[in-house]
Amino acid sequence: MARPAMYRGDRRRKEDQRKAKQEAKRARKAERKESGTTGREMAEAEPLGVASPTEYVWFSPSKGRTLTTESASPPAVPGIEDWTLVSEPPRA
């Protein structure tokens, strides 16, 4: 069980961190408002015309090793024959 004195100090420290984070957020927001720049909206998606990465992730259980390739065929590494496909690139 936590000691009350430690809890009180932790609570104050967390509250100070929260206030500092909020103040930094307000400062960034004011800076963006002054300069007129905005960030990307969450609803905006990347344009489909941009080349998306095509990475296949492979895993070798015997060696405990992962490897990324750009082709769907397993990597050719001497001494490792048990490649398992972990993830494919996202489908458009």
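Analyst: What follows starts with the nonpolar core and ends with the salt bridges.

This is a predicted model, where local features need pLDDT of at least 70, side-chain atom pairs count only at pLDDT 80 or more, and totals for chains, interfaces and linings use all residues. Residues are numbered from 1 along each chain as its sequence is written, and side-chain values use heavy atoms, with hydrogens and water left out.

The largest nonpolar core has 5 residues: Tyr56, Trp58, Val77, Ile80 and Trp83. A nonpolar core is a set of buried Ala, Val, Leu, Ile, Met, Phe, Trp, Tyr and Cys residues joined through side-chain atoms within 4.5 Å. Buried means under 20% relative accessible area, exposed over 50%, and partly exposed in between (1.4 Å probe, protein chains only).

Take Ile80. Leaving out residues up to four places away in sequence, Ile80 touches Ser60, Lys63 and Arg65. Contact here means heavy atoms within 4.5 Å.

Ser60 sits in strand β1, residues 56–60. Helices (H or I, at least four residues) and strands (E, at least two) are DSSP runs, numbered from the N terminus. Ser60 counts as buried because its relative accessible area is 0%. Its side chain makes a polar contact of 2.8 Å with the side chain of Asp82. Such a contact is a pair of N or O atoms within 3.5 Å; within protein, one must be able to donate a hydrogen and the other to accept it, and residues adjacent in sequence count only if both atoms are side-chain atoms. Beyond four places in sequence, Ser60 is in contact with Arg65, Ile80, Asp82 and Trp83.

Thr69 belongs to strand β2, residues 65–69. Thr69 is buried, at 13% relative accessible area. Its side chain makes a polar contact of 3.1 Å with the side chain of Trp58. The Thr69 side chain also reaches the backbone oxygen of Ser71 at 2.9 Å. Not counting residues up to four places away in sequence, Thr69 touches Thr54, Glu55, Tyr56, Trp58 and Pro75.

Now the salt bridges. The whole structure has 2. Each is a side-chain nitrogen of Lys or Arg within 4 Å of a carboxyl oxygen of Asp or Glu. Arg18 pairs with Glu15, closest N and O atoms 2.7 Å apart. Both lie in helix α1 (residues 4–35), 3 residues apart, about one turn of the helix. Arg18 is partly exposed at 44%, and Glu15 is partly exposed at 31%. Glu23 pairs with Arg26, closest N and O atoms 3.6 Å apart. Glu23 is partly exposed at 48%, whereas Arg26 is exposed at 53%.
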